[in-house]
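Hello,

Here is the structure we talked about. Please open it and keep it in view while you read the notes below.

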Amino acid sequence: MTYINPSVMLPGHKDPLCQRPAKGQFHIDRWEVLQLVKDTAAVLGLSDRDIAVLGAHLSVLPKGPIKSGQLLMSFMQVSAILPRANCMEERGFRRSETRLDETGLVARKLSANGRRFAVRDASGRIVDAYGIDLEPLFLSIDELREIRARLEEDRQRKRALISRVTARLSELKRWSTDHIGYVPDALSDLALLLRNLFRRKTISVSDICEAEKRVDAIEVQIIPEPKQEALSATEEQPTLPCPAPSQNSDRLRIPSEPFDGCIAKVPCPAADKSAADAGHIDRHIESKRKEYTKRAAFSSRTADLKLSDLQAAWSICVQISSFYPDGPWTAQDLWDKLVEFSSFLGLGQKSVLNAVTEIGWRNALLVLDYIAQKIATIKAPQAYLAKMLESYHQGDAIAAGRVCRTGQSARHVA
């Protein structure tokens, strides 16, 4: 037998039985790397099937942490590795391998006939293989971590901007209710529009900044100039910094998108928000929130409301005042307490609004106080209230004679 010296190989062609030199320095768990790919899949353009295929190839590597200098080749036959990819169809499996190769996370090393097998030396030790080379994935660990950090920073920036815009909207609503008596339709429509906008998963920083500009515009329309100057003087906040462009190498073919800047704006005091505002309900197109209409209608019925009259009427309502000893101070506070108290009696907002609209807020207070006094003997509170209102329109005195139509004699007492 003739011995061949590896040194006589052609220039540029190394001995195929020599182990490949180590590239880079890494010592990491394979599943930690897979989690990095999952966290950056949206930027890399990978689907769930591509990640499943990558996980299947990682599972065939030797057990234990992955080290630099280790042979990182997956040469298991496709028919045998398919069960590790949730029994994926073979053509889809190969398409995902192609996408991973195009992304730069793996490299396909094909034999002449396309078979996948190991290359062994004389002692039977595997020194190379034909199949899927996973070394590029582990050489890209630092870049993947940088991409994940950028994504997390962008996510936190968007969350902070959304919180600031929603807090300002809530402050505008409270200011409008306290000083105007109702929430303008333009502000209600903008709040609904922005709520649907903030539910989008693809929303960008520039979209939120544009939304904040619209809040600026409507704030100028609603709040007088002295009030705006006071807010600007007392609540000045610095501009959120915009991150510098990433300096990734060209190993990974990742579409680079610059992070949008953001416009500094004075935030209003933080306020609680509902699950809908935080995007914790189904994303769908909803009609205009009814509470705005109800509050506006209630405000129109309490336009002549005076604090002295409100406190006097509240003091004679024994049942209601026992729940709220301090009593309401504004029309908005009155509406909130009426709605809350009526819920204890089994009455809805619509029933309360109808009572206020038909008999006025003073009489509505007396009626609710009377129902609370008799609630133990009332089986259907809503029907009982409707019957009381019907009797009132017929000229009868209701609420034990405490409420009756002006200028008419009571025929009986409800």
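**What turned up**

S74 has 0% relative accessibility, so S74 counts as buried. The cut-off for buried is under 20%. Keep in mind that this is a predicted model.

S74 sits in strand β3, residues 73-74. Its side chain makes a polar contact with the side chain of H57, at 2.7 Å. Leaving aside residues up to four places away in sequence, S74 touches H57, V60, I81, G131 and I132.

Now look at H57. H57 is one of the buried residues of helix α3. Helix α3 covers residues 48-59.

Next, go to helix α7, residues 141-179. It has 39 residues. From first C-alpha to last, α7 reaches 57 Å, close to the 57 Å expected at 1.5 Å a residue. After α7 comes G181, with a positive phi near 105 degrees.

Helix α7 has a packing partner. Two packed helices are described by the angle between their axes and the distance between the axes. The partner is α9, residues 205-222. What is the angle between α7 and α9? It is about 15 degrees, and the axes are 10 Å apart. Angles under 35 degrees count as roughly parallel, so α7 and α9 are roughly parallel to each other. The crossing of α7 past α9 is left-handed.

Last, visit the loop between α4 (78-81) and α5 (90-103), where N86 is found. C87 is in the loop between α4 and α5 too. Most residues other than glycine have a negative phi. N86 is not a glycine, yet its phi is positive, about 60 degrees. C87 is not a glycine either, and its phi is positive at about 55 degrees.

Best wishes

Technical notes. Residues are numbered from 1 along each chain as its sequence is written. This is a predicted model: local features need pLDDT of at least 70, side-chain atom pairs count only at pLDDT 80 or more; totals for chains, interfaces and linings use all residues. Side-chain values use heavy atoms; hydrogens and water are left out. Helices (H or I, at least four residues) and strands (E, at least two) are DSSP runs, numbered from the N terminus. The expected span of a helix is 1.5 Å times one less than its number of residues. Buried means under 20% relative accessible area, exposed over 50%, partly exposed in between (1.4 Å probe, protein chains only). A polar contact is a pair of N or O atoms within 3.5 Å; within protein, one must be able to donate a hydrogen and the other to accept it, and residues adjacent in sequence count only if both atoms are side-chain atoms. Contact means heavy atoms within 4.5 Å. Axes are lines fitted to C-alpha atoms, for helices over the stretch in contact, and angles run from 0 to 180 degrees between N-to-C directions. Angles under 35 degrees count as roughly parallel, over 145 as roughly antiparallel, 65 to 115 as roughly perpendicular and the rest as oblique. A crossing is left-handed if the near helix is turned anticlockwise from the far one by less than a right angle, and right-handed if clockwise.
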